[in-house]
Amino acid sequence: NNTAAQSPGVIYLTNITATLDNCKIYNNSALKDASAIAVYAGKISSNPTVLKPSQLTITNCIIENNTATQEGAAAIYLENSKMDISYSSIVNTLNIHNTVTANYDNDKPKAVIANNNWWGVKDPRTTVQGENITIDNWVIMNLEANVSEVLVGDTVELTVDFNHVNTTSSEIEELTGGAIPKTFTVTFT
């Protein structure tokens with residue numbers, strides 16, 4: 001429930017290697033760039049025109065309902081940096097924005113790897129912006145019902161799990177190597 005006059009709403013990282021694990025980052029807002037987390041590269045002291053990218057690793061986190069107050073701020077904004085995010089729930093209007101705009105210190109490409117996450121949408125590639133973002137698979141809500149047809153007044157048992165991923169080739173596979181945190185947002189209509 002933080003509010004920032006500019007950016008970010010919660011965490012600002014620059015010139016650093018950091019890991020966020022098992023965190024809950026909810027209901028934050030900022031004017032621009034990052035409603036929750038901002039990550040920037042740092043200058044190298046021997047050559048200030050060259051940047052050293054920051055590296056952020058996020059696992060088992062819930063990053064939800066973070067919004068922009070005016071401009072389209074992503075929940076996570078990276079500038080000239082790298083990120084690996086997995087086994088997390090990232091449910092926001094705009095999830096990740098990655099920009100690559102500078103000269104780097106022997107560490108290319110600048111990339112975001114975002115696999116095995118719950119995004120709250122059918123295809124998360126519509127809620128990310130920028131360069132060098134890889135999403136090869138994403139967690140889907142798997143729903144099973146005890147009937148094939150439902151009439152008004154019927155009682156139906158629904159079983160929901162988040163143990164499956166969809167791939168870029170539209171194949172459904174078991175989620176392996178980890179699990180999505182147990183508290184996340186699901187809306188049935």
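This note reviews a few features of a predicted model: a sheet, a group of aromatic rings and a salt bridge.

1. The open sheet. An open sheet is built from 3 strands, arranged in the order E1-E5-E11 and paired in parallel. Its edge strands are E1, covering residues 3-4, and E11, covering residues 67-68, and each of these pairs on one side only.

2. The aromatic pair of Tyr12 and Tyr40. A pair of aromatic rings is described by the distance of the centres and the angle of the planes. The model has 3 aromatic pairs. In one of them, the ring centres of Tyr12 and Tyr40 are 5.3 Å apart and the planes stand at 35 degrees, so this pair is tilted. Tyr12 belongs to strand E2 (residues 11-14) and Tyr40 to strand E6 (residues 34-40); the pair thus links distant parts of the chain, 28 residues apart.

3. Is Tyr40 buried or exposed? Tyr40 has a relative accessible area of 14%, and it is buried because the limit for that class is under 20%. The rings of Tyr40 and Tyr77 have centres 5.9 Å apart and planes at 55 degrees, so this pair is tilted. Tyr77 lies in strand E12 (residues 74-79) and Tyr40 in strand E6, so the contact ties together parts that are 37 residues apart in sequence. Tyr77 counts as buried, with 8% relative accessibility.

4. The aromatic cluster. The two pairs described above share Tyr40. Tyr12, Tyr40 and Tyr77 form one aromatic cluster.

5. The salt bridge. How many salt bridges does a search of the whole structure find? The search finds 1. Side chains of opposite charge can pair when their charged atoms come close. Here the partners are Arg125 and Asp123, whose closest N and O atoms are 2.8 Å apart. The pair counts as a salt bridge because the cut-off is within 4 Å.

6. Where do its partners stand between buried and exposed? Arg125 is partly exposed, at a relative accessible area of 39%. Asp123 also counts as partly exposed, at 23% relative accessibility.

Key: Residues numbered from 1 in each chain as written. Predicted model: local features only at pLDDT ≥ 70, side-chain atom pairs only at ≥ 80, totals over all residues. Heavy atoms only, no water. Salt bridge = Lys/Arg side-chain N within 4 Å of Asp/Glu carboxyl O. Buried < 20%, exposed > 50% of the residue type's maximum accessible area, 1.4 Å probe, protein only. Pairing = 2+ DSSP bridges. Helix = DSSP H or I, 4+ residues; strand = E, 2+ residues; numbered from the N terminus. Phe/Tyr/Trp six-rings, centres within 6.5 Å; stacked < 30°, edge-to-face > 60°.
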